[in-house]
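Please describe the fold of this protein.

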Amino acid sequence: MRNLLWGVAALSLFAVACGPVEEQQLAPAPTALETQEAPLTGLACANNLGCRPSCECLSGFCVPDGFGPPPPQDYCDQPPQRACSTGSDCLSGCLCQGGVCVNDGFGPPANCLLAPPDSYESDNTHTTASSYLGTPQLNHSFHRQNEVDWVLVATPVNQVMTVETYNLRNGPTMRIDIYAYNYATRTLGALLGSTSTTICSQPISSCLIYRATANVVANGVYAVKITDRRNQPAGYDYTPTPKYDLKMY
């Protein structure tokens, strides 16, 4: 009996010390929508070629690529366009309107993202090369991926001939090769000179020159090959077209 009374007393003291026990309210668990980012929307794409510069294709949509200053809002929602100043910046079948190349409305629609060829085309082979007439050739361009430009030159005297590309615009990188050439049979001879680096490495205009030299003879003919080395994926033709000027002396 005494042990029972001690047990009841102990329970009474425990209840007084602790007070009533209440159920604790748990914070609601976040919903699935709150723990996930909103789904991407905007311009659909299969790869980066379907997006404007400064944008990338992520999960099937064009979004800012995260490099450099962020583009304006909704910029990546618009399809890529080729910028232009005049109609000469646009492919045949397109015109320059509002600073971009658009179809002219005549004939089958053209792909106005593509760059037009320069005035020296078709010079993609040594058999269709342009001729160097003694004065600089201005406004050469790399209008396609891995473009190649060929130029033939006749030399009146024995000399060290210099081939130079200069006034580089929109970031061309290139290789210059100088070959002996048999004009009668239209065949290439020995490689006489070559370069694939600028004359100096600083990012200033006086360094942005490619220069190759070769020993040439009087009444000789030589073929100069200039190759686009940007390794730009096919489809990026709507970006500013790399250009250069060429002279030989």
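**Basis**

This is a predicted model, in which local features need pLDDT of at least 70, side-chain atom pairs count only at pLDDT 80 or more, and totals for chains, interfaces and linings use all residues. Residues are numbered from 1 along each chain as its sequence is written, and side-chain values use heavy atoms, with hydrogens and water left out.

**Overall make-up**

Helices (H or I, at least four residues) and strands (E, at least two) are DSSP runs, numbered from the N terminus. Of the 249 residues, 32% count as buried. Buried means under 20% relative accessible area, exposed means over 50%, and partly exposed lies in between (1.4 Å probe, protein chains only).

The accessible surface is about 15,400 Å². Carbon and sulfur atoms hold 57% of that surface. These areas come from the Shrake-Rupley method with a 1.4 Å probe; for residues, only the protein chains shown count as cover. Contact means heavy atoms within 4.5 Å. Among contacts between residues at least 6 apart in sequence, 60% join residues at least 24 apart.

**The five-stranded sheet**

Five strands form an open sheet in the order β5-β7-β12-β9-β10. Its pairing is mixed. Two strands pair if DSSP finds at least two bridges between them. The edges are β5 (130-131) and β10 (187-195). Each has a single partner strand, so one side of each is left without a neighbour in the sheet.

Within the sheet, β7 and β12 (residues 220-228) run antiparallel and are joined by eight bridges. Val153 has Tyr222 in β12 as its bridge partner.

**Rings and charges**

Rings of Phe, Tyr and Trp (its six-membered ring) pair if their centres lie within 6.5 Å; planes under 30 degrees apart count as stacked, over 60 as edge-to-face and the rest as tilted. By this rule there are two aromatic pairs. One of them is Phe142 with Tyr244, a tilted pair with 5.4 Å between centres and 45° between planes. This pair links distant parts of the chain, 102 residues apart. Phe142 lies in the loop between β6 (137-141) and β7 (148-155), while Tyr244 is in strand β13 (residues 243-248). Phe142 is buried at 2% relative accessibility. Tyr244 is buried too, with a relative accessible area of 0%.

Two charged side chains also sit over rings. A charge counts here if NZ of Lys or CZ of Arg is within 6 Å of the ring centre and within 35 degrees of the ring normal. Arg52 lies over the face of Tyr75, at 4.8 Å from the ring centre. The charged end of Lys247 sits over the ring of Tyr166, 4.8 Å from its centre.

**Disulfides**

The whole structure has seven disulfides. A disulfide is a pair of cysteine sulfur atoms within 2.5 Å. The table gives three of them.

| Pair | S-S distance | Torsion about S-S | Hand |
|---|---|---|---|
| Cys51 and Cys62 | 2.0 Å | -85° | left-handed |
| Cys84 and Cys96 | 2.1 Å | about 95° | right-handed |
| Cys90 and Cys101 | 2.0 Å | about -85° | left-handed |

Cys51 lies in the loop between α1 (2-18) and β1 (55-58), and Cys62 in strand β2 (residues 61-64), so this pair ties together parts that are eleven residues apart in sequence. Cys51 is buried at 1% relative accessibility. Cys62 is buried at 2%.

Cys84 lies in the loop between β2 and β3 (94-97), and Cys96 in strand β3, so their link spans twelve residues in sequence. Cys84 is buried, with a relative accessible area of 11%. Cys96 is partly exposed at 26%.

Cys90 lies in the loop between β2 and β3, and Cys101 in strand β4 (residues 100-103), so their bond joins parts eleven residues apart in sequence. Both Cys90 and Cys101 are buried.

**An exposed strand residue**

Asn215 lies in strand β11 (residues 210-216). Asn215 is exposed, at 60% relative accessible area. Leaving aside neighbours within four places in sequence, Asn215 is in contact with Gln159, Val160 and Leu192. The C-alpha atoms of Asn215 and Gly193 are separated by 8.4 Å, and the two residues are 22 apart along the chain.
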